[in-house]
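Here is a short tour of one protein model, written to be read with the structure open beside you.

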Amino acid sequence: MEIFFGAFTSEWEQRRAALLHELSLGPKRRSSAEDEMKRRLKAMAELGGGGAGDVGSQPKMRRAVAKPIFATETRAAAVSRPIEARLAAVAQGSQPAVVKMASYGGGARVGTMLNYVSRGGELAVENENGERISSREDLARLRGDWNHLFQNRAESRDIGSFTVEIATAAVSSDEAMHELARNSLTSAFGDRRYAYAVTRQADGALTVQGAVVLRSGQGERLTGDDKAASIIQARYDASTAAQGAAARFSFQGYGNGVEYGASKLRSLVERHDDNVRDDRGQVIGDEKLAGDLVQKEWRGDLHSRKGRDVMHLIMSARAGTNIEAFENAARDFLAEQFAGHRYVFAMHDPANDPKEEGEGGKRPHVHAHAIITMRSEFGVRIETSPQVFREWRATMAEKARAQGIAMEMTDRREFASPPGFTRNQVRPVSREGRTEHVGTSEAAQGRYDAKRGGRRSLAKAERSREYAIKATQSWQKIALASGDRRIVAYAEQLRNRLTASLSAGQAKASVNVVHTDFGSKFRANLVTLQKVVLEGQEMRETTRAEFEAYEKKVETALFGLERSVGPDERDDFDEVASVAREHVNARRELMELYEMKGQAEAAQGTATERDERGKRRDDANEQWDASVAKHGAAVVEAANDVLVDIETSREVLDRTEAGELSNDPRVLRADIERGLARAAELAVQGNTYMREVAENDPELKRAIEAAEQTQEQPAEEQGKTPANVDAVSEQQRDPRPEEAERRPDEPAEQAHELASTIDATNRLQDKSNRDKEAAQRGGETTRTDPAQQHIPRLEELEREELERKERDRDDRDR
């Protein structure tokens with residue numbers, strides 16, 4: 001049977017078909033086909049300059065033989081999308097592509113990693129050929145199938161667990177006991193760092209348990225086994241400490257890396273409370289101090305190394321993403337990005353995950369785990385760098401979009417987001433819902449809090465700042481070009497966040513060429529140019545005249561800089577001039593977009609605003625009619641008059657606290673309290689509409705409850721409240737006119753407040769006139785409920801207040 005591989009659209013399907021075809025040929029023909037394939041691959045690798053069959057002969061030479069075979073050098077250009085297109089899609093709701101490295105592992109850890117991905121064999125995994133592997137026996141055989149791709153380099157033994165039995169010793173106190181223990185341990189371990197806990201036995205003997213860094217300051221590394229125990233035992237026996245007390249040393253195990261050491265030390269603290277100390281005698285009283293000791297002080301002494309034969313990769317999407325579509329996207333991503341490598345992957349979704357939530361399973365988001373060999377069949381190892389991870393995310397987003405999932409590659413510099421935290425910097429404390437962590441050190445906790453809290457952060461490198469400027473301009477273009485209010489608001493929010501972050505770091509940032517060894521005149525001119533160019537960063541809606549003036553200033557600064565350039569500095573000047581003119585061109589493009597936006601708004605007029613105001617008035621009239629039909633016109637009218645006064649005072653108070661007006665907040669609060677008292681009185685007297693409004697106004701509701709309690713009190717206690725609230729309100733509404741009569745010469749502050757009030761009132765008056773004209777043209781009534789009526793009422797009260805102040809001022813002038 002002949003198979004046409006071109007009939008398959010995906011590369012992984014072609015590979016699966018080829019494998020099934022070889023299996024159908026029988027053992028003998030399959031073996032010959034495999035030999036022929038290996039021979040051809042070896043020849044192709046040798047043509048690239050490496051000799052894949054002799055991979056170990058040149059371990060330090062980087063081979064690029066597999067790249068031309070699959071043409072992956074053009075992959076980044078193929079999947080990259082313009083930044084404006086990506087950010088516009090994110091503003092419309094596309095989710096970011098998440099592809100992250102969970103860990104590396106040596107060949108010895110492959111079984112453990114496969115067991116984790118398959119949930120102990122309960123979930124089927126899929127390999128690079130599309131085969132489903134569901135049995136534990138088949139998973140166990142994978143280790144042997146991949147073995148020829150492993151270096152099988154052993155992990156370094158970094159930290160060992162030890163026990164020391166010190167014979168009967170006469171110690172007078174706990175401090176003397178710890179001094180004896182440290183003296184014995186230092187005599188055996190030398191300059192190695194360690195932590196320990198001491199337990200006094202019934203016969204007076206001491207049992208010391210702890211953890212020690214196996215590598216010394218001179219580079220000697222103990223193995224953490226019986227052989228190492230005999231070495232340190234001999235050293236102790238030869239020391240002066242052995243003359244005072246006999247001791248026997250033994251090791252119970254060893255491990256690799258900071259994570260292992262921190263775990264051992266935390267367990268030691270948990271068992272012995274505050275009885276744990278380090279080699280310097282400092283008390284390690286809690287698990288946080290134990291983690292800090294390993295993370296901050298021991299890390300540099302470990303010189304840890306791990307075998308990197310496989311990597312654990314995680315691809316994830318938001319909760320609610322179509323599981324089948326995401327699985328197809330992950331399959332296509334792995335097949336294209338890791339062609340030639342051996343791998344398996346499995347989907348973990350909340351519906352099918354056999355692991356319980358409290359144990360770390362059933363995560364709300366959809367994700368896939370992949371275990372991938374670091375070396376391909378052609379001898380090429382995977383390189384991991386920020387640029388490679390960026391390419392992976394771009395490829396994953398491309399494959400997701402092909403499956404109908406809105407996904408984009410994003411960069412944290414486009415959002416002023418803080419950097420992520422690693423698994424070694426935190427440890428989980430709760431797996432309910434989203435996993436909660438605590439930092440293993442103060443610095444790690446700060447990084448974790450910044451990431452989870454969404455704190456603004458901008459990279460300090462000049463290249464990153466330039467990228468952030470480009471992202472700011474892109475968000476600005478999106479805000480100008482989009483007609484969707486949600487997208488505009490989102491883009492403006494991100495633009496403002498980046499602008500604020502750039503401005504905050506501007507004092508610390510500097511252009512690299514300023515620090516080169518140029519003459520003083522050249523440096524001064526360069527600083528002048530820098531200041532002129534950066535003026536554009538603070539520009540918002542720029543008119544053509546303003547932009548032309550700005551462009552002229554930049555060209556003038558460039559001319560002055562060019563005159564001071566020497567022959568050896570010409571290349572540097574050309575680079576600076578190119579960057580400056582690119583910046584000016586970007587500002588010109590923004591200015592033209594602003595002009596287009598202004599022309600479009602002028603052409604459209606204010607028809608949309610009039611329609612929206614008419615719609616709001618229609619809704620308000622319907623609410624008013626419904627309230628009148630339910631409670632009666634007299635009841636609604638009486639309640640509405642009081643509610644309008646309350647809402648008016650609240651609005652003025654909010655604007656005063658925001659700095660828009662300069663009224664006295666205490667007077668406004670008193671007005672609100674008097675209004676609430678009048679409203680509560682109406683409600684107690686039987687105004688049902690007032691009680692209905694109070695259901696959505698907690699402050700009014702409390703006032704009504706207080707009035708009801710007051711009504712139940714004896715008459716003599718009720719007499720403490722003023723009988724005529726309206727009279728008190730009228731007397732205390734504005735005490736400033738009487739004060740002005742007593743003080744003919746107003747201070748400058750009151751004059752400034754009056755001018756601010758007049759200016760704000762004029763703006764509100766203009767808006768009110770436009771609304772009234774629109775209402776008269778449409779033949780509509782302006783009656784509405786308190787929530788819609790308070791702004792016209794506010795304008796009327798401010799107008800009356802202004803007229804009264806002007807009359808008082810005229811009276812004083814006369």
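## A helix and its cover, then a sheet

The buried residues of α7 are covered by elements that include α6 (110-117), β3 (125-127), β4 (132-133), β10 (310-317), β11 (343-348) and β12 (366-373). Keep in mind that this is a predicted model.

Which residues of α7 are buried? In this helix, residues 136-146, they are Leu139, Leu142 and Trp146. Viewed down the axis of α7, the buried residues fall within an arc of 35°, so they line one face of the helix. An α-helix has 3.6 residues a turn, so residues three or four places apart point the same way. On the other side of α7, Glu137, Ala140 and Gly144 are exposed.

Now for the sheet. Five strands form an open sheet in the order β8-β5-β7-β6-β9, and their pairing is antiparallel. The edges are taken by β8 and β9, each with a single partner strand, so one side of each has no neighbour in the sheet. On average, neighbouring strands here are turned by 20° against each other, ignoring direction.

Here are the strands with their residue ranges:

| Strand | Residues |
|---|---|
| β5 | residues 159-166 |
| β6 | residues 194-200 |
| β7 | residues 206-213 |
| β8 | residues 247-255 |
| β9 | residues 276-278 |

Finally, which helix lies across β5, β6, β7, β8 and β9? That is α8 (residues 174-189), which runs at about 130° to β6.

Notes
Residues are numbered from 1 along each chain as its sequence is written. This is a predicted model: local features need pLDDT of at least 70, side-chain atom pairs count only at pLDDT 80 or more; totals for chains, interfaces and linings use all residues. Side-chain values use heavy atoms; hydrogens and water are left out. Two strands pair if DSSP finds at least two bridges between them. Helices (H or I, at least four residues) and strands (E, at least two) are DSSP runs, numbered from the N terminus. Axes are lines fitted to C-alpha atoms, for helices over the stretch in contact, and angles run from 0 to 180 degrees between N-to-C directions. Contact means heavy atoms within 4.5 Å. Buried means under 20% relative accessible area, exposed over 50%, partly exposed in between (1.4 Å probe, protein chains only). The arc is that of the directions from the helix axis to the C-beta atoms.
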